[in-house]
Amino acid sequence: MIPQIAVVLLASMRPLVHHFVNGSEVDYLKQFSFFSAWFLPVLFFCVATFLIIGCVINLNKIKNKILCLTISLIIVPFAVYANRYGFTGFLHCVLILPVAFTFYMLGNILKPSITLLERHHNNKMGMLAIAAVGFGALVAYTNSPVDFYRNSYGNLLLFYISAVLGCFALLYLGSFLTSSKLCKYVGKNSIAFYVWNFTLPWMAINACRPMLSKIGVESPTILAFVSFAVALPIFFMIVKVTLKFIPWMYGLPSSKNTIHKPIPETASAKNQ
């Protein structure tokens, strides 16, 4: 929730500057809406729900994990239906929670399997992963557009099929990248990339659109690629600087406050 507060405060700076410079009106309640970066509260609710359930049942047992996954799947259609009434803010994040928690539990269940995938690569699994990509893309194309923010998934069965196929393909194909320093860096600092992955791209799009318009380029595809090229280096720079100087923004301890405990001596070391 600390990154959520920081994002809301940073997002509020631009309209406030416009207010003081140009005298434009500002809806302060709207600008300081606590749930504007919706994916951060949803992620927080997933972790909190997992911890609360863990106080009641033993989530180290696979059968209990599967039970939680099944219950969340049953709740999903009700949450999607309730979203038709146009809830926003806090209730909106709560309605997205069942789908998000389903993926959270699925990842928790599959986590032990990821290690096995990293150790065992074979032609059959590779062909299955490639087939999953193709079939999953076909199913996703058949389904209506999915909008996670609006809690809209089209046909839920088609959404589940494409999602599971996509998860399997990404897990297996991603197992070939375990030695990648870039992947390890992004994975280790994923919460920082979560914080900026919405704000920076939109800032880049708003900055690139008028420049491309001046040279007669109106293609949304070209705008997307140019904005991505502009945002990516800034993305990594901001993440690196903020992680170094204000790690508390991501709920991480400062390196200065980290207490390094001495490594206990082994029996052989004591004897020597």
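Student: Before we look at helix pairs, what are the axes here, and what range do the angles cover?
Tutor: Axes are lines fitted to C-alpha atoms, for helices over the stretch in contact, and the angles run from 0 to 180 degrees between N-to-C directions. Keep in mind as well that this is a predicted model.

Student: OK, so at roughly what angle do the axes of H8 and H11 cross?
Tutor: Helix H8, residues 181-188, and helix H11, residues 220-245, have axes that come within 12 Å and cross at roughly 55°. The two helices are therefore oblique to each other.

Student: And is that crossing left-handed or right-handed?
Tutor: The crossing of H8 and H11 is left-handed.

Student: Which residues make the contact?
Tutor: On the H8 side they are Leu-182, Tyr-185 and Val-186, while H11 contributes Phe-236, Val-239, Lys-240 and Leu-243. Sorted by class, this contact has 6 nonpolar residues, 1 charged residue and no polar ones.

Student: Switching topic, what's the volume of the largest pocket?
Tutor: Its volume is about 1,300 Å³. The lining is made up of 29 residues, of which Gly-107, Leu-170, Leu-171, Ser-190 and Tyr-194 are the closest to the pocket's centre.

Student: Which one gives the most?
Tutor: That is H5, which supplies 8 residues to the lining of the largest pocket.

Student: How do the lining residues divide by class?
Tutor: The lining of the largest pocket has 20 nonpolar residues, together with 7 polar and 2 charged ones.

Key:
Residues numbered from 1 in each chain as written. Predicted model: local features only at pLDDT ≥ 70, side-chain atom pairs only at ≥ 80, totals over all residues. Heavy atoms only, no water. Helix = DSSP H or I, 4+ residues; strand = E, 2+ residues; numbered from the N terminus. Parallel < 35°, antiparallel > 145°, perpendicular 65-115°, else oblique. Left-handed = near helix turned anticlockwise from the far one by under 90°. Contact = heavy atoms within 4.5 Å. Nonpolar A, V, L, I, M, F, W, Y, C, P; charged D, E, K, R; others polar. 1 Å grid on protein atoms, 1.4 Å probe; cavity = no way out; pocket = protein on both sides within 12 Å on 5 of 7 lines; lining within 4 Å. Points joined across faces, edges and corners; volume = space filled by probe spheres on them.
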